[in-house]
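I hope they are handy as you look through it.

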Amino acid sequence: MDRMPNAAEALAEIERTQQKAFAGQRLPLWWLPAVVALITVVSIAFDLHGATRSVLLIGAALGLAVMTAVLALRARVKSRRQVWTPRAAAWASAWLLSFFVLFGVTPPLVWLVTDSAIWPKIISGVVVSLYGVMTIRWAERQIMADTQGKVAQ
Amino acid sequence: MNLDPVIHAPVRLQIVSLLAAATEAEFSFVRDNLEISDSVLSKHAAALETAGYVHIRKGHVGKRPRTWLKLTDQGRAAFREYVATLQQIVGQPLTDVTEEAG
């Protein structure tokens, strides 16, 4: 935009600029599987005992702290709550809820073929990680689509 | 209806619009999103800071220097008024113009 815009153009430019800024704040694809893997390690640790359990729990806690720190260091913008709409919040909530559903549904299916206490958790972690990677960009687009038309002030 | 000339300039409009959606944004994020050079952003950020609309904060993340931009309360109020004025202008029905011309 090189010349002075008229009023309609200025309003359109405000919305376009904000939408583009939101689109630039995407979670790295590797982050979600890494967090799911660490949560899976915690889940498995609770089935173990002694030093192994302690090591796994401490390692997972440190890993989750590192993941949080990495996200904080990468953050180049701190968004305001005002930009969320109820529909966008509903999409985000539904997507996050689907992870819990998948975590709950996968182990019983694995128990159909094994009596192991640990394999269902490992497979559940892998399935949820893949689901996260495959759906994260779609979820972001859905959430973005429902913030359109709302100019943050 | 007068549009705030500090905000209405093309690049500054984009900067203020982006900052309005955030509590704070890093200099490089603003630069990359608006696809402008460091010098252009610095010039317009300084103009907005002089007008009291933007606060520029310099810090470090580890050993790396970082610069953060945020709208001041005055800047946010000015942007709200600017948007309201735009909406008033755009919302004016065409019949008003034809009646005045007649």
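**Notes on the two-chain model**

1. Strand 1 of chain A and strand 1 of chain B are antiparallel, and 3 bridges join them.

2. Please keep in mind that this is a predicted model. For chain A the mean pLDDT is 85, with 92% of the residues at 70 or more. Within chain A, the lowest mean pLDDT of any element, 75, belongs to strand 1, while helix 2 (residues 31-45) has the highest, 91.

3. How many residues does each chain bring to the contact? Chain A supplies 26 residues and chain B supplies 23 residues. On the side of chain A that touches chain B, the elements giving two or more residues are helix 1 and strand 1 (77-79) of chain A. Helix 1 of chain A has the largest share of that side, with 10 residues. Sorted by class, this side of chain A holds 14 nonpolar, 7 charged and 5 polar residues.

4. Now to chain B by itself. Its secondary structure consists of 6 helices and 3 strands, and from the N terminus the order reads α-α-β-α-α-β-β-α-α. Chain B has 102 residues, of which 32% count as buried. Looking at contacts in chain B between residues at least 6 apart in sequence, 53% link residues at least 24 apart.

5. The largest nonpolar core is worth a look in your viewer. It has 32 residues, and those touching the most other members are Val16(B), Leu18(B), Leu19(B), Ala25(B) and Val30(B). Both chains take part: two or more residues each come from helix 1 (7-23) of chain A and, in chain B, from helix 2 (10-20), strand 1 (22-26), helix 3 (27-34), helix 4 (38-50), strand 3 (64-71) and helix 5 (73-91). Helix 2 of chain B gives the largest share of this core, 6 residues.

6. Which residues does Leu18(B) contact, leaving aside its neighbours within four places in sequence? In chain A they are Thr17(A), Gln18(A) and Ala21(A). In chain B they are Ala25(B), Val30(B), Asn33(B) and Leu34(B). Two of these partners, Ala25(B) and Val30(B), are named with Leu18(B) among the core residues that touch the most other members.

Technical notes. Residues are numbered from 1 along each chain as its sequence is written. Chains are lettered from A and ligands numbered from 1 in the order in which they are written. This is a predicted model: local features need pLDDT of at least 70, side-chain atom pairs count only at pLDDT 80 or more; totals for chains, interfaces and linings use all residues. A nonpolar core is a set of buried Ala, Val, Leu, Ile, Met, Phe, Trp, Tyr and Cys residues joined through C-beta atoms within 7 Å. A residue is buried if 20 or more other C-beta atoms lie within 10 Å of its own, exposed if 12 or fewer, and partly exposed in between; C-beta atoms are placed from the backbone. Helices (H or I, at least four residues) and strands (E, at least two) are DSSP runs, numbered from the N terminus. Two residues are in contact if their C-beta atoms, placed from the backbone, lie within 7 Å. Ala, Val, Leu, Ile, Met, Phe, Trp, Tyr, Cys and Pro count as nonpolar, Asp, Glu, Lys and Arg as charged, and the others, Gly among them, as polar. Two strands pair if DSSP finds at least two bridges between them. pLDDT is the predictor's confidence in each residue, from 0 to 100.
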